[in-house]
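Please have a look at it first.

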Amino acid sequence: MPGRLLRGLWQRWGRYKYRFVPWIALNLSHNPRTLRYVPEESKDKVISDEDVLGTLLKVFQALFLNDFNKQSEILTMLPESVKSKYQDLLAVEHQGVKLLENRHQQQSTFKPEEILYKTLGFSVAQATSSLISAGKGVFVTKGLVPKGAVVSMYPGTVYQKYEPIFFQSIGNPFIFRCLDGVLIDGNDKGISKVVYRSCNGRDRLGPLKMSDSTWLTSEIHNPLAVGQYVNNCSNDRAANVCYQEFDVPAVFPVELKQYLPNIAYSYDKQRPREEIRSFMGSHRWRQIIRRRLSFLVIT
């Protein structure tokens, strides 16, 4: 019994020590592979923000078209020009898969991971890590990933430096700290899960979802939202991805925000009620506060 207890404590320490500041400080020089030197915030870019935005729009648009039959409520709130654009894209998409549909007497939709493979040439998923006592990891399940490709997103609730996160942080290995001190809680269990669901429901505007909460479940709609399970490098294995931060621009299509796996902890108090009413009435939308995303890029 004492031996089992000690083994359990040792395993917990093995997972916790990477968040214990004194241990990190004493071991930095022993493991240079875990360090990535960033001279300043503006230079922490492996790929440009334009490339990141292009990838997100490409994947999210493909997911939207794949689920087009379930988007009727959202489509009624979009301008005619936007609706016609998606209808044209859908017509081209159907021509491309006509042979496949005839062969399988088709279901009209594909799984999200299949859409990711068709769009970017690879798919990723969670699985048991090959590292000892590392729990889950993220693996490429199909295709090849080119250097500089966005391979996953770090989902979760986004906290500013001054916002409370003490109780959510207890025993939580999924809190990611950005360069400017912003925190992202990527835990899909416990109080973190409750907080995310609450914020997600708070920001919803009728049928329009401002973020994706399916990463909290086993049925993930955005197949990139698995970044919190990417393991760090070790002395034996170098990292093949790195984190990069991205702020969602104000012009991001409102119909595609349902696939963003991040939500701000605090409500946007700067957005007036008149703006929401004008959106409902004239199909216009303007977001004031940018949303922080963290994603992983192949190095």
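Let me begin with lysine 58, which lies in helix 3, residues 49–66; helices (H or I, at least four residues) and strands (E, at least two) are DSSP runs, numbered from the N terminus. Before I go further, please note that this is a predicted model, in which local features need pLDDT of at least 70 and side-chain atom pairs count only at pLDDT 80 or more, while totals for chains, interfaces and linings use all residues. Residues are numbered from 1 along each chain as its sequence is written, and side-chain values use heavy atoms, with hydrogens and water left out.

If we set aside the neighbours within four places in sequence, lysine 58 is in contact (heavy atoms within 4.5 Å) with Thr119 and Leu120. Leucine 120 is 62 residues away from lysine 58 in sequence, yet their C-alpha atoms are 8.6 Å apart in space.

Turning to the protein chain as a whole, we find 10 helices and 9 strands, and buried residues make up 39% of its 299 residues. Among contacts between residues at least 6 apart in sequence, 71% join residues at least 24 apart.

Now to the aromatic rings, of which a search of the whole structure finds 11 pairs; rings of Phe, Tyr and Trp (its six-membered ring) pair if their centres lie within 6.5 Å, and planes under 30 degrees apart count as stacked, over 60 as edge-to-face and the rest as tilted. The rings of phenylalanine 64 and tyrosine 86 have centres 4.6 Å apart and planes at 40 degrees, so this pair is tilted. It links distant parts of the chain, since phenylalanine 64 is in helix 3 and tyrosine 86 is in helix 5, residues 80–96, 22 residues apart, and both residues are buried.

A further pair, phenylalanine 176 and tyrosine 243, is also tilted, because the centres are 4.5 Å apart and the planes stand at 45 degrees. Here strand 5 (residues 175–177) holds phenylalanine 176 and strand 7 (residues 241–248) holds tyrosine 243, 67 residues apart. Phenylalanine 176 is buried at 14% relative accessible area, whereas tyrosine 243 is partly exposed at 23%.

Notes:
Buried < 20%, exposed > 50% of the residue type's maximum accessible area, 1.4 Å probe, protein only.
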